[in-house]
Amino acid sequence: MASIILENEILEYALGFQKRRDFISMVCGAEYQETRKCNRSGRLVADANFYEKLMTKLLTHGKIGDKVGNTSVGCCAEVNAANDIYIQYNIALNEIALSKAYRPKSMQIKEKCAICKSVFY
Amino acid sequence: MSYSIEQQLSNDFDILLWDGIKLIHIATAGGILPPKLSETENDFKQQIREVYRYRRVFSIIQNTNLERGNITDLKNYLTFFSYMSIRGFYSYDKVNIDDVEDQTYQLISRPNYNRNVHIVKFSNEIQPLERLRYPLNTRINLIQTNREFPGDFNEFNLIDFI
């Protein structure tokens with residue numbers, strides 16, 4: 001479960017997109033111990049820069065960028081935020097905590113997709 | 001320009017349409033777009049920036065009877081849709097943001113009267129012209145719908161109108 005600090009940080013992060021009217025679909029935060037990262041949806045991570053365990057797990061669902069179910073593999077805000085943590089720590093995928101995911105335009109909360117549930121929980 | 005699936009899923013596009021009567025804005029919420037919208041040459045992000053420059057001259061009517069369990073703050077939710085309506089657009093949102101394939105949309109906010117727009121058609125572009133005190137910026141290209149969009153607050157399937 002994410003800390004209140006991370007939940008507050010992701011709210012601020014989402015509101016920043018809203019104020020700039022930079023409307024990406026989702027933002028989400030990830031944390032491990034005292035390290036917290038917020039990131040957005042999109043294909044932001046080059047294949048070579050994915051944490052190896054994360055890449056391996058994602059590839060069991062499909063190629064990076066392919067649409068599977070309700071998402072593009074490896075393009076969720078959760079994946080981008082978590083990868084920012086993993087590149088600092090060699091930990092198991094489920095050792096991080098994820099914040100709620102927000103849609104910046106409306107500040108609605110979005111459910112985690114099936115792939116993220118499989119990878120992070 | 002056309003929009004890849006990854007771009008459609010990663011962005012909450014604002015798309016400007018014309019149904020023959022009213023100016024329309026739809027927010028895609030990272031959903032899959034019908035081919036007519038995904039294969040357009042329009043740069044959605046550039047187009048919406050043109051609308052930001054419009055004068056805020058319309059009183060609006062908001063849909064406050066929304067059955068969405070994921071709204072954290074109704075006032076915040078309505079802000080951007082109202083922002084479009086005070087500029088003369090009927091503003092619609094995707095109803096189910098957790099299902100990218102679902103094409104159900106709903107009117108969220110509308111001006112209290114239709115903006116009086118004269119449309120100029122070019123080869124495959126539609127541009128609005130207006131001889132009013134606060135004219136529309138003619139650098140936006142509106143995508144023509146197949147049918148008149150609902151003016152009420154009931155949910156509808158976008159595919160039936162595009």
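Start by selecting Gly20(B): in the hairpin of β1(B) and β2(B), with four residues between the strands, this glycine takes a positive phi near 95°. Helices (H or I, at least four residues) and strands (E, at least two) are DSSP runs, numbered from the N terminus.

A word before moving on. This is a predicted model, where local features need pLDDT of at least 70 and side-chain atom pairs count only at pLDDT 80 or more, while totals for chains, interfaces and linings use all residues. Residues are numbered from 1 along each chain as its sequence is written, and chains are lettered from A and ligands numbered from 1 in the order in which they are written.

**Strand β1**

Now select residues 14-18 of chain B, which form β1. Five of its five residues are buried, meaning that 20 or more other C-beta atoms, placed from the backbone, lie within 10 Å of a residue's own. In a regular strand the side chains alternate between the two faces of the sheet. Here Asp14(B), Leu16(B) and Trp18(B) lie on one side, Ile15(B) and Leu17(B) on the other, and both faces are covered.

**Its partners**

Which strand does β1(B) meet in the antiparallel sense? Show β2(B), residues 23-27, which pairs with β1(B) over five bridges; pairing takes at least two bridges found by DSSP. Next show β8(B), residues 143-144: this strand runs parallel to β1(B), with two bridges. Click on Trp18(B), which stands opposite Leu23(B) in β2(B) and opposite Gln144(B) in β8(B).

**Into the core**

Select Ile15(B) and look for Ile26(B), Thr28(B), Leu37(B), Phe44(B) and Ile143(B), which it touches when residues up to four places away in sequence are not counted. Contact means C-beta atoms, placed from the backbone, within 7 Å. Ile15(B) is also among the residues with the most contacts inside the largest nonpolar core, which has 66 residues. Such a core is a set of buried Ala, Val, Leu, Ile, Met, Phe, Trp, Tyr and Cys residues joined through C-beta atoms within 7 Å.

**Across to chain A**

Finally, colour the two chains separately: 22 residues of chain B are in contact with 21 residues of chain A. On the chain B side, α1 (5-10) and α4 (74-85) each supply at least two residues, and α1(B) gives the largest share, four residues.

**Stepping back**

Show chain B whole to find four helices and nine strands. Of its 162 residues, 36% count as buried.

Terms used:
A residue is buried if 20 or more other C-beta atoms lie within 10 Å of its own, exposed if 12 or fewer, and partly exposed in between; C-beta atoms are placed from the backbone.
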